[in-house]
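Please go through this protein with the structure open beside the text.

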Amino acid sequence: MCIALKYGDWNVSIPEMSAVNSLVGSGYTPLNAMILAARGMNTPAQANAYLDCDCQLPDPFLMTDMDLAAGRVGLAMSRGEKIAVYGDYDVDGITATCLLYDFLRRHGANVVSYIPGRMEEGYGLNRMAIDQLHGEGVKLIITVDCGITAVTEAQICKDLGIDLVITDHHECKDSLPDAIAIVDPHRPDGGYPHKNLSGVGVAFKLACALSGDPYQVLEDYADMVCLGTVADVMPLQGENRVFVSAGLKSLRNTRRAGIAALMKECGCTADNVNANSIGFMLAPRINAAGRMGKIDLATELFLTADAERAVYLAKALCDLNRQRQAVESEIYAEAKAMLEGNQNPEAIVLAGETWHQGVVGIVASRIAEEYSCPTFLICMDGDHGKASSRSYGGFNLFTSLTALSHLLESYGGHELAAGFTIARENIDRFRQEISRLASDFYAQVDSRTTLDVDCAVPPELLTVSGIESLSALEPCGNGCPKPVLMMERIQVERITMVGNGRHMRLRLRLGRHGFNAIYFSATPETASIQQGDLVDVAFYPQINDFRNERTVQMNVLDIRPACVAECSPKTVDYRAMRSGSISPDSAAHLLPDRTTLGMVWRYLAAQPGDVTEFPMCLCRKIVRWAGLPLSLGQLMTCLDIFAEVGLLTVLRQHRSITITLAQFGGKADLNQSQTMQLLLQAKES
């Protein structure tokens with residue numbers, strides 16, 4: 001079977017060769033030129049701009065209300081008014097809080113910082129915190145990484161005589177809070193050229209506006225801006241590339257005792273620190289402080305100058321992260337038990353009475369990936385619950401929650417991750433409605449699991465020097481991803497199981513070129529390959545340094561059967577037919593002829609038992625077996641026709657289908673199929 005095929009569709013770009021030649025002529029290596037051209041960089045000027053890590057930082061006053069924000073903060077500093085920097089409990093919010101607090105303190109401000117407790121107070125401004133700050137004599141609150149939806153809380157501040165300056169980067173709702181200034185690059189009336197700043201990025205711009213010397217502020221705080229930008233998965237383009245490139249240089253020789261101690265404690269060194277190690281090594285440990293209710297450990301880590309204290313804090317964060325992992329495993333096991341027997345959800349909405357609010361977001365992300373659908377996990381507290389959600393396959397969470405806001409008490413976030421509060425009595429209705437929205441969305445896309453491949457490459461380009469040249473693309477991350485390459489019609493020469501049988505080590509060959517490959521969490525059975533097969537391989541190119549010998553290695557992302565004829569993943573016509581709105585041209589294209597029907601049936605009949613496959617993988621196997629073209633839409637049409645006349649049954653799971661041939665002795669009239677009749681009539685209409 002092939003249900004472990006990870007992606008229903010490979011979106012493979014084809015670079016313009018004239019663009020490749022132009023880029024090579026300007027000094028790019030052939031491999032880099034192919035990748036850049038595949039990403040739409042058709043001229044050296046476009047490629048240089050895309051990779052530029054030294055572009056000029058835009059004037060912070062291009063942001064709407066930045067003049068009002070800087071003016072009010074400057075006035076508070078000159079008057080000696082007490083200022084509170086109010087942040088969020090994730091890496092972006094922590095770094096934003098520490099950056100602005102430290103900047104204001106170093107410039108003589110009377111300033112305190114405040115990050116709400118995740119479990120006790122939740123996200124964003126709240127009445128309890130505002131009352132506490134008011135009691136401490138705070139005259140100005142500056143939010144960082146939060147506040148854009150705090151309409152009620154802004155009025156509370158106004159009633160108490162506290163001025164409010166909001167800096168945020170989340171999506172704006174229709175109504176903005178009544179504040180002295182609202183600085184958010186997503187404001188519809190904004191004209192800032194870079195919309196996708198992180199919360200710490202916006203806080204940095206406020207510091208630049210106050211300082212008048214943005215490059216000095218960058219030198220002082222590049223590490224913090226880098227950490228928050230990468231951890232919040234901001235696109236590494238434009239200004240963000242400057243932040244991350246400068247920040248990585250700073251991290252390699254950090255002057256902050258806390259960051260140095262944390263890097264040492266988790267094995268992140270100057271040699272291996274990059275966007276990937278931030279995301280998987282540093283960020284989870286910093287996040288653990290907020291998730292486990294110990295936020296002060298993280299803020300102190302960034303601000304301490306005491307090396308001995310820094311070591312203690314770093315160890316404490318690593319311990320917290322291990323505790324977080326244990327709690328995560330418990331919640332995941334409970335959620336999986338709730339899902340038992342429900343293998344085909346369009347959206348997952350689960351509620352737990354004892355779940356840890358700080359951890360459910362990670363579990364939601366894990367389940368969304370596993371079940372290929374948006375996931376919402378709700379932590380109940382009496383008659384109300386707080387939810388964390390994660391998207392999948394392009395489903396926009398913020399837009400969907402806005403559409404269902406009548407069922408929610410509050411909500412916020414963005415396209416990929418969001419949170420909300422909900423009354424217990426509304427959960428079932430929310431589950432029904434969000435599942436309907438997800439079903440409608442996925443009905444309009446060919447595949448919810450798409451792998452973006454930069455380009456297919458000839459084996460001659462996959463050399464040690466060629467792969468080394470890919471460092472020119474760094475920093476890589478969201479918006480400038482690590483290159484994903486493909487090699488077509490390559491033979492599986494050898495398969496060796498490693499890691500106690502959990503992973504495959506492959507030897508692949510294309511002509512005179514041989515390559516080593518590693519495919520994690522896969523077996524020959526789940527990948528549906530065997531020695532001698534011709535396959536297409538999608539992979540990260542890397543260099544394996546073993547016993548001082550550097551060789552090329554493919555880190556395999558997916559393997560699919562190679563095809564000798566066209567095998568299209570498109571299902572537009574099929575979806576139109578299923579919705580009852582098919583055109584004559586689409587019907588003619590979808591209507592299978594006797595050759596196509598016979599090809600599909602003979603392949604299925606030749607299999608020894610039930611066929612359980614990812615549909616696109618099945619389509620490619622049939623094409624490889626028959627040597628004839630077939631689209632996924634045509635395959636699904638054939639299966640519908642066969643099922644309607646009783647030749648087989650199709651059980652549709654979430655990502656795969658199981659086909660069982662009927663015990664049938666006579667002949668079936670395919671023209672009696674409703675699908676066949678519909679297509680014939682539509683074709684002639």
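Helix H8 has 13 residues and spans 18 Å from its first C-alpha to its last, close to the 18 Å expected at 1.5 Å a residue. The expected span is 1.5 Å times one less than the number of residues in the helix. Helices (H or I, at least four residues) and strands (E, at least two) are DSSP runs, numbered from the N terminus. The model is predicted: local features need pLDDT of at least 70 and side-chain atom pairs count only at pLDDT 80 or more, while totals for chains, interfaces and linings use all residues. Residues are numbered from 1 along each chain as its sequence is written, and side-chain values use heavy atoms, with hydrogens and water left out.

H8 is mostly covered, with 11 of its 13 residues buried. Here buried means under 20% relative accessible area, exposed means over 50%, and partly exposed lies in between (1.4 Å probe, protein chains only). The buried residues of H8 include Gly199, Val202, Phe204, Leu206 and Cys208, and also the charged residue Lys205. After the helix comes glycine 212, whose phi is positive, near 85°.

What does lysine 205 pair with? Lysine 205 forms a salt bridge with glutamate 239, and the closest N and O atoms are 2.7 Å apart. A salt bridge is a side-chain nitrogen of Lys or Arg within 4 Å of a carboxyl oxygen of Asp or Glu. Glutamate 239 lies in helix H10 (residues 239-252) and lysine 205 in helix H8 (residues 199-211), so the pair ties together parts that are 34 residues apart in sequence. Both glutamate 239 and lysine 205 are buried.

By this rule the count of salt bridges comes to 31. One of them joins the side chains of aspartate 454 and arginine 39, at 2.7 Å from N to O. This pair links distant parts of the chain, 415 residues apart: aspartate 454 is in the loop between strand S12 (450-453) and strand S13 (455-456), and arginine 39 is in the loop between helix H2 (30-38) and helix H3 (44-51). Aspartate 454 is buried, with a relative accessible area of 9%, and arginine 39 is buried at 17%.

Another salt bridge runs between aspartate 189 and arginine 187, whose closest N and O atoms are 2.8 Å apart. Aspartate 189 is partly exposed, at 47% relative accessible area, whereas arginine 187 counts as buried at 10%. Salt bridges also link Arg72, Arg79, Glu81 and Asp163 in a network.

Now turn to a pair of helices. Two packed helices are described by the angle between their axes and the distance between the axes. The axes of helix H1 (residues 17-25) and H2 come within 8 Å and cross at roughly 135°. Axes are lines fitted to C-alpha atoms, for helices over the stretch in contact, and angles run from 0 to 180 degrees between N-to-C directions. Angles under 35 degrees count as roughly parallel, over 145 as roughly antiparallel, 65 to 115 as roughly perpendicular and the rest as oblique; H1 and H2 are therefore oblique to each other.

Where do the two helices touch? Ala19, Val20, Leu23 and Val24 in H1 meet Pro30, Ala33, Met34, Leu36 and Ala37 in H2, where contact means heavy atoms within 4.5 Å.

Asparagine 287 lies in helix H12 (residues 275-291) and counts as buried at 14% relative accessibility. Leaving aside neighbours within four places in sequence, asparagine 287 is in contact with Tyr89, Asp90 and Val91.

Some backbone details remain. Most residues other than glycine have a negative phi, and most peptide bonds are trans. The peptide bond from glutamate 474 to proline 475 is cis, with omega near 0°. Proline 475 lies in the loop between helix H18 (464-468) and strand S14 (485-498).

Serine 372 has a positive phi, near 60°, and is placed in the loop between helix H15 (360-371) and strand S8 (375-381). Serine 372 is buried, with a relative accessible area of 0%. Arginine 547 also has a positive phi, near 55°, and sits in the loop between strand S17 (534-546) and strand S18 (549-561). At 73% relative accessibility, arginine 547 counts as exposed.
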